[in-house]
Amino acid sequence: MRIGNTSSVTKYEVLKILLIEDEPKLNSFLKKGLKEQGFVVDAVNNGSEGMEFASANDYDIILLDLMLPGQNGFDVLQNMRAFKIATPVIIISALNDTENVVKGLDMGATDYLKKPFDFNELVARLKVATRKSVGESFSNLKIDDVRLDLLQRKVWRNEVEIHLTTREFNLLHLLVANCNRIITKTEIAEKIWEVNFDMSSNVIEVHMFQLRKKLGEGLGNKLVQTKVGVGYYVEGELIRS
Amino acid sequence: MLVFSVITLSVNLLIYRHVKSTLKAADDKELLNEANQLLLRTRNDPNIVPLPDSGRSISMHVINQSLSHEIFTSPNFPFVTDEQAMYLPIIETSQYKIATVSSPLNDFEGNKLVLSIARENDKLQKQYADTKSYLFIANAVAIFISAIFSFFVSSWVLAPIAKVIDSANKIGASKSMKRVKVPNTKDEVQQLAETMNNMVVRIEESIKNQTNFFASAAHELRTPLAIMQAELSLSLTNEDDPKRKLTLKSLLDETGRLSRLIDDFLIISELKSQTLMIRKKPARIEEVVYSALKKVKHLKQAEAGRFLINLDDNVIATDISFDADKIENVFINIFDNALKYSPADGSIQIRIGSDANYSCKVEIISRLESPVEDISRLTGEYYKSQAYSSGLGMGLWICERILKLHGGDLRLFQKENNFHVEVFI
């Protein structure tokens, strides 16, 4: 058993990004900044051009503004889905009301970033969004009697589906993907909460308690183990498929 | 009603006075007749003293110019102090009435026989009192009946106006306001309802314009801010000079502040025009707290570790219906205040738990450097306490309004150098 440092759950390759933003300055800065972060960026300034690029190339992620000349962002997103382009889309817009956020997410966007945003936040979100779509060549994880479908984000134990919240799923995914390694509370806070709260908080314990309860830990085999004062771990043979 | 009462009372007072004078005249006449009858019975002979009816008393005098000679006076005849008044035809007090008649004697000496008859005056006084009572009762009954009658009549007559008022009261300022029901009466009431609806259309238009203006202005301001933030973030990443890095960081903070101000102005405008839409969806309260913390952390990265979170198992296991976006703004505001106004090394506790009257309760406790005066005014519009005077002074006002729109509440108090903010949803 080893106590993990911060080895990532997934590995990041050179990501190819399509940026659709009509504001020339913002378009230029984002392109420049993302390139400096190591991304490959194609930048266009209208929806029609964006559609052409998206259908002609294979992107890892698309950054889409909503207020575009001609086809607006919603039209572009709708057309992409109609043309079976399943590339994850992050909407970046100054339309900050809930209605637009909900509409965008309902139409299949992965995330919605409200303008003005911090560039580092955009990079962080790009990494989170792409983590789900690239870097893992497998979509199922199985350990003991627990199976995780990473694409559908579903969990089964003894072939009985267990309904987890997004955070509980991410927590289980982190533990299973790093099985036989103790994950410290600090690491869990950083990776699952992305918030550096006071470690005396009972946040992780309570969520872990809920996860264990849902996994039926009281009844069957105990999957998630506690290393008192250190962290949590899952033991067993991990099968990826 | 008041006018009717005043007129009725005045008329009844006149009637009473008229009846009173008529009764008095009839009574005077009756007593004078009685006196004349008795005087006739003396046949102008002062030695014959007539016997009055029961309850009467008499007094007889013979007078010659100013000299008066009493012939007979009944023992119970009232004592009249004023001698001049004694010879008036009628003397009346509340106790008695005296009628006096005279007739010349046939003695050729110019003597006159004067006869006065007295009786108690209670009968007339009773008649006065009865008349007064009857009129008063009649008056009161008339006012009461007319009040009921006028109430029903006015209710019936004003029913269409009442309906218009009721509809008008239900109209709230929003982008799509209710209309007043227009009765098909082809009168002033219909005209009033139509006028009110026209006014509602104008108000609606004005609210739409205002909301659109703020939304457009916010959008137009956010785009340059996004450019500035992107440029500053990028420059900050590439900058090695510590001094320039500090300047860029400061500029980046200011753009963030401007961005929050724009959001606040937009939400204030929506709250004031009652156009803020609350879209409730089942969500987890703790997730909104984490999300808010991430955004506060973004503002004050170094201080994020100060937040100590305590969760209640039961609350986090259930979905609560609320507008996550708006509630997130409430928490960002409260966390930001807690960071701003507590000592840099002070812990900020967040307790997420249940409450008997609400779906959940989130308590934020931070240490205070100095006591806050007028805590009750902190949720007021544009209120800034003297000790803590940065910002618009609208943050807690916005928080309270958003929570009230959710049927929740915001409570603030201080206890043992700690400032407590309780959020109920």
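Is B:Ser103 buried or exposed, and what is its relative accessible area? In this predicted model, B:Ser103 has a relative accessible area of 14%. The residue therefore counts as buried, because the cut-off for that class is under 20%. B:Ser103 belongs to strand β4 of chain B, which covers residues 96-104. When residues up to four places away in sequence are set aside, B:Ser103 touches B:Leu39, B:Asn44, B:Lys112 and B:Leu113.

The chain that holds this residue was then examined as a whole. Chain B contains nine helices and 12 strands. Of its 425 residues, 41% are buried. Contacts in chain B were also sorted by separation in sequence: among those between residues at least 6 apart, 63% join residues at least 24 apart. The accessible surface of chain B amounts to about 24100 Å², and carbon and sulfur atoms account for 57% of that surface.

Chain B also meets chain A. In this interface, 41 residues of chain B are in contact with 40 residues of chain A. The two chains bury about 3600 Å² between them, with 58% of this area on carbon and sulfur atoms. Within chain B, the residues that lose the most area to chain A are B:Arg222, B:Ile227 and B:Leu234, which together make up 15% of what that side buries.

Specific pairings across the interface were considered next. Two salt bridges are counted between chain B and chain A. In a salt bridge between A:Lys114 and B:Asp325, the closest N and O atoms are 2.9 Å apart.

Several elements of chain B contribute two or more residues to the side that touches chain A. The helices in this group are α4 (188-238), α5 (242-272), α6 (285-299), α7 (313-316) and α8 (324-341), and strand β7 (307-311) belongs to the group as well. Helix α4(B) supplies the largest share of that side, with 13 residues. Sorted by class, the side of chain B that touches chain A comprises 15 nonpolar, 11 polar and 15 charged residues.

Conventions. Residues are numbered from 1 along each chain as its sequence is written. Chains are lettered from A and ligands numbered from 1 in the order in which they are written. This is a predicted model: local features need pLDDT of at least 70, side-chain atom pairs count only at pLDDT 80 or more; totals for chains, interfaces and linings use all residues. Side-chain values use heavy atoms; hydrogens and water are left out. Helices (H or I, at least four residues) and strands (E, at least two) are DSSP runs, numbered from the N terminus. Buried means under 20% relative accessible area, exposed over 50%, partly exposed in between (1.4 Å probe, protein chains only). Contact means heavy atoms within 4.5 Å. Accessible areas come from the Shrake-Rupley method with a 1.4 Å probe; for residues, only the protein chains shown count as cover. Buried area is the accessible area (1.4 Å probe) that two parts lose on being put together, summed over both. A salt bridge is a side-chain nitrogen of Lys or Arg within 4 Å of a carboxyl oxygen of Asp or Glu. Ala, Val, Leu, Ile, Met, Phe, Trp, Tyr, Cys and Pro count as nonpolar, Asp, Glu, Lys and Arg as charged, and the others, Gly among them, as polar.
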